[in-house]
Each structure stands twice: as C-alpha cells, then as structure tokens.
Amino acid sequence: LTSTAKETERVESEYLFLRRLILIAGLQLGYLEVVTSLWLPKKNVFVTGGAGFIGSHTVVELLNADYDVIVIDNFVNAVHGSDGQAPSLLRAQQITGKKLTFYQCDLLNKDDLSMIFKKHKVDFVIHFAAMKAVGESMQKPLFYYKNNIVSSINLMEVMSENGVYNLVFSSSCVVYGNPQYLPIDEAHPTGNVSSVYGRTKYALEQMFEDICRAEKMLSEYLHLILLLELTAYTCTSFLQVYNLGTGTGYTVLQLVQAIEKVSNKTVSYRIEARRLGDIPSMWGDCSLAEKELGWKAVYGLDQMCEDFWRWQSKNPTGYRCHVEDKHLASSSEVINTTNGHLNGVLC
Ligand SMILES: NC(=O)c1ccc[n+]([C@@H]2O[C@H](COP(=O)([O-])OP(=O)(O)OC[C@H]3O[C@@H](n4cnc5c(N)ncnc54)[C@H](O)[C@@H]3O)[C@@H](O)[C@H]2O)c1
C-alpha cells in the first residue's frame, strides 16, 4: 500500500493483468487439445517455475486437459518440501488425480536443463520462472538481470538444440511503462519501463522478437533450397502477444475493502509514498485474447478475494509444514500485511 492519500484513488492497477502472454507457436494449445483427444498421442508440456503461484495453477489446468506435464523449479520463490518435492505440485496432483514429472532444476544450470530435455520429448514450453517483485528488483538488479535473462537464454538455447519451437512466455504489463492511454491494448508502445523487473521482461520480449525475425529470414532462405523444411521453420517464426486480464481497473483501497468484506476482518495498512518503479494506474484491453483465443476472464475482484481468503484460511502457513510466522496462523482480528513472496503468504 504505497501511495499518498490523495493519490490512492488513482493508484489503480488490474490485479492479475498479466499482459503479454506471448505465444511463439505454430498451434495454439486450445485447438491442440481438441486434436489430441481425437487421434494424436498425448503431448508433453514443459513448465518452468511450475511450483510457483501461476505455474501450479496452470499445471492443474494442463493435467485436467490431459497433457503430460514436466515441471522444473529451483524453489527460489516456492516452498520446498522436505522430500525434495514441491508441496504446491503434490496438491495439483491430488486435485486432478493425475501424475506429473518434477525436477528441482535451476534454469541458470544449462547442463541440468539439457539433461531433462534429452530425457523427455518436449512439445511445448510454458515459461513462468522469473523473479517478479518490482521493489526488490530495484534493490538487487544484478540478481534480477541474471536470473530472468540468463535463464531465459539458456532455455531458448536448449529448446533450439532439441528442436522445440513452441513457447508461451509469461511477460508483464510493466513493459508498457506509464500508460499513454487506457485501457492498454497490445498496440500500446512498450519499453518505457520504470523498474529493473520490467526491464528484464522488456529485454526478453525484444529477444523473442529478434529470434522470430531471424528464424523467418532463415525460413525464406531455406525455401529456395529445401522446400520440405519450410513447414518446420515457418512454425518457428510466428509470435503473438496477448493481454490477459479482466479489463477493469481496481484501486488499492478497493482491494483492501474487498478483502475486508470476504474475511470479515480489518486489514492493517499505512499510506506511504509510491515505491520506486510503481506505475500509478494501469489496466488492459483484453479483447484480442477473447477474439483470437476465445479466452475471457470470468471472475472479478470479489470472487478473486473470496477464493484467496478461502485458500489462506485453509492454509494459514501456505505450503509450509512448520508455522514460521505464528502471528499469521493465529491472528483472529487483524490481517498482517506480511511482505513475503512465498506462495500462500499474504503479500
Ligand atoms: N503474479 C502476477 O500477478 C503476475 C503478473 C504478471 C506477470 N507474471 C509473471 O508470471 C510468472 C509467474 O509469476 P508467479 O506470480 O507465479 O511467480 P512465483 O514467484 O510464484 O513463481 C515463479 C517460480 O519460478 C521459480 N524460479 C525463479 N527463478 C528460477 C530459476 N532460475 N530456475 C528455476 N525456477 C525459478 C520460483 O521458485 C517460483 O516458483 C513470472 O514470470 C511473472 O513475472 C506474474
């Protein structure tokens, strides 16, 4: 809660406005699902950062849709089970009644990554692994640049070495910077970024564009030599960006009120100056995803808070077995705004 009193109402952001789910793919997962269920063998989806918040939820959807799922995570921002497993992924398997394959692997370790790609025939990659805290990124720039950028380069190299060209990349609305207009559509200029976290995402978007441009040139050249290869290469040269979100902006105070309503508790907060790197208001036009992917957000703020509170109440210490934050577990009147990152901790 970072704005001054006057500014608070203007500090609007669309929670879970991912922007820029980037598809580099010849086929879209939705269509593929229909096809695979008819006659193709099950496809393997490789999910990076799959023990994290969005990753573990995505894994549930993938398992339900009958994909074979291989997940890697290094636990830098997820709870590490005592048995080397990820509790969030054990839960995903429990919910779906299906198994997945998990490796504790740091994307910065290219050798480990290569070994996993040699063991499995990967059809698609969904890339979530990244550090994502705007404020922390300003304090630890080198860590963010290395973790987000070098690891993505390793991933792209290993994918290319193994002939895998289908990637969904989870970027961020922060690449739009301070909006020139609202709601932000995919044509809005990018690059005027105010945080290190945003700069890592923007740099990666540029990298993906460059890779696709180069692949496209290569495919045109190959076309003259070897027609057969054309199909494979044209698949690699398609890049599409989609905003994902509800299309509605909410203020920070609206979020506080919504949490108070569903939890029937008082949220303790202080109004302070905006954090370095924060954007005052931002919400997205997500109509392209609806038009082209048939994707539309079905839950609004109240439902999000209700689900969040139900989960938090049933899992007061998140996925951690031991109660480290006793006040989190036992607080009956006041929700403490713990500034943690780990799954399930109010942050
Ligand atoms: N949560 C949001 O609202 C939001 C919004 C926009 C974009 N995103 C993007 O979506 C992705 C997932 O976000 P999230 O909220 O689930 O974050 P998260 O921190 O819960 O998940 C990220 C996971 O990646 C893992 N990870 C990080 N670096 C790694 C590395 N080098 N090797 C292996 N694993 C690594 C972490 O341990 C963590 O489990 C991120 O790329 C983030 O930038 C999230």
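I count two residues as in contact if their C-beta atoms, placed from the backbone, lie within 7 Å. I also keep in mind that this is a predicted model.

Entry, one residue. I picked Val71 and asked what it is in contact with, leaving aside its neighbours within four places in sequence. My list reads Val47, Gly50, Ala51, Val59, Leu89, Leu100 and Phe102.

Entry, the cores. Val71 turned up again when I looked at the largest nonpolar core, which has 53 residues. It is listed there among those with the most contacts inside the core, along with Val45, Val47, Val59, Val69, Leu89 and Val125.

Entry, the whole protein. I noted 13 helices and twelve strands. Of the 347 residues, 35% count as buried. I then looked at contacts with a separation of 6 or more, and residues 24 or more positions apart account for 75% of them.

Entry, the ligand. Which residues come nearest to the ligand? Out of 28 around it, I wrote down Gly49, Gly52, Ile54, Ala78 and Ala130. Helix H3 (53-64), strand E4 (68-73) and helix H7 (141-161) are the elements that give two or more residues to this shell. H3 has the largest share, with three residues. Sorting the shell by type, I got 15 nonpolar, ten polar and three charged residues.

Terms used. Residues are numbered from 1 along each chain as its sequence is written. This is a predicted model: local features need pLDDT of at least 70, side-chain atom pairs count only at pLDDT 80 or more; totals for chains, interfaces and linings use all residues. A nonpolar core is a set of buried Ala, Val, Leu, Ile, Met, Phe, Trp, Tyr and Cys residues joined through C-beta atoms within 7 Å. A residue is buried if 20 or more other C-beta atoms lie within 10 Å of its own, exposed if 12 or fewer, and partly exposed in between; C-beta atoms are placed from the backbone. A residue is near a molecule or strand if its C-beta atom, placed from the backbone, lies within 6 Å of it. Helices (H or I, at least four residues) and strands (E, at least two) are DSSP runs, numbered from the N terminus. Ala, Val, Leu, Ile, Met, Phe, Trp, Tyr, Cys and Pro count as nonpolar, Asp, Glu, Lys and Arg as charged, and the others, Gly among them, as polar.
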